[in-house]
Amino acid sequence: MNPMLVARTQGVFNASSGAWALLRLHSFERYFGPQRMKEEQDWLVRTVSGLLVSCGWSQIRTCPLPECLAQARRIGLGTALTLLAIDLVYLPTGKVRRSHALDAVIEAGWLVAWWRCRPLRDTSSTGAGPPEGRMRYQERKPLGRRDR
């Protein structure tokens, strides 16, 4: 699978599902069910929705460089794992509606999609700075006795 396609598609999904709850909270709650203490929980729904929009926007705006795709992958895996874990913990207890089962399937699908992507060369964790800095660092030759 193409990691750029997965990043942007998941980004659109996350941003639009987050925007749904931000813009049409009543519609969102009709499908996923109102919170038990609705007035006290609206801020939490809006906070998570805002974070989903932010994560989605980051994935949509990703560039095709390996470092950018690695970051989009981390965002995608993190959001999918978090939302899947919440669904799996609270579905069996009955604290969330069964409609969350569909969300669990979708989140598991994102994990599979990222797993099937071509391996990414993640150089962003080297701590060596931007790619240009790493290239210059790699091109330098070690100093010998004569060069000192």
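**Legends to close-up views of a predicted helical model**

**Figure 1. Surface of the protein chain.** The model shown is predicted. Of the 148 residues in the protein chain, 32% are buried.

**Figure 2. Secondary structure and contacts along the protein chain.** Six helices and zero strands make up the secondary structure. Read from the N terminus, the order of elements is α-α-α-α-α-α. Among contacts in the protein chain with a separation of 6 or more, 73% come from residues 24 or more positions apart.

**Figure 3. Packing of helix α1 with helix α2.** Helix α1 spans residues 3–23 and helix α2 spans residues 25–32. The two helices pack at an angle of about 115 degrees, and their axes lie 5 Å apart. Angles of 65 to 115 degrees count as roughly perpendicular, and α1 and α2 are therefore roughly perpendicular to each other.

**Figure 4. Residues at the contact of α1 with α2.** From α1, the residues W20, A21 and L23 take part, and they meet L25, S27, F28, Y31 and F32 of α2. Sorted by class, this contact has seven nonpolar residues, one polar residue and no charged residues.

Figure 5. The relative accessible area of A70 is 4%; because buried means under 20%, A70 is buried. A70 and A7 are 63 residues apart along the chain, and their C-alpha atoms are separated by 9.8 Å.

Technical notes: Residues are numbered from 1 along each chain as its sequence is written. This is a predicted model: local features need pLDDT of at least 70, side-chain atom pairs count only at pLDDT 80 or more; totals for chains, interfaces and linings use all residues. Side-chain values use heavy atoms; hydrogens and water are left out. Axes are lines fitted to C-alpha atoms, for helices over the stretch in contact, and angles run from 0 to 180 degrees between N-to-C directions. Helices (H or I, at least four residues) and strands (E, at least two) are DSSP runs, numbered from the N terminus. Angles under 35 degrees count as roughly parallel, over 145 as roughly antiparallel, 65 to 115 as roughly perpendicular and the rest as oblique. Contact means heavy atoms within 4.5 Å. Ala, Val, Leu, Ile, Met, Phe, Trp, Tyr, Cys and Pro count as nonpolar, Asp, Glu, Lys and Arg as charged, and the others, Gly among them, as polar. Buried means under 20% relative accessible area, exposed over 50%, partly exposed in between (1.4 Å probe, protein chains only).
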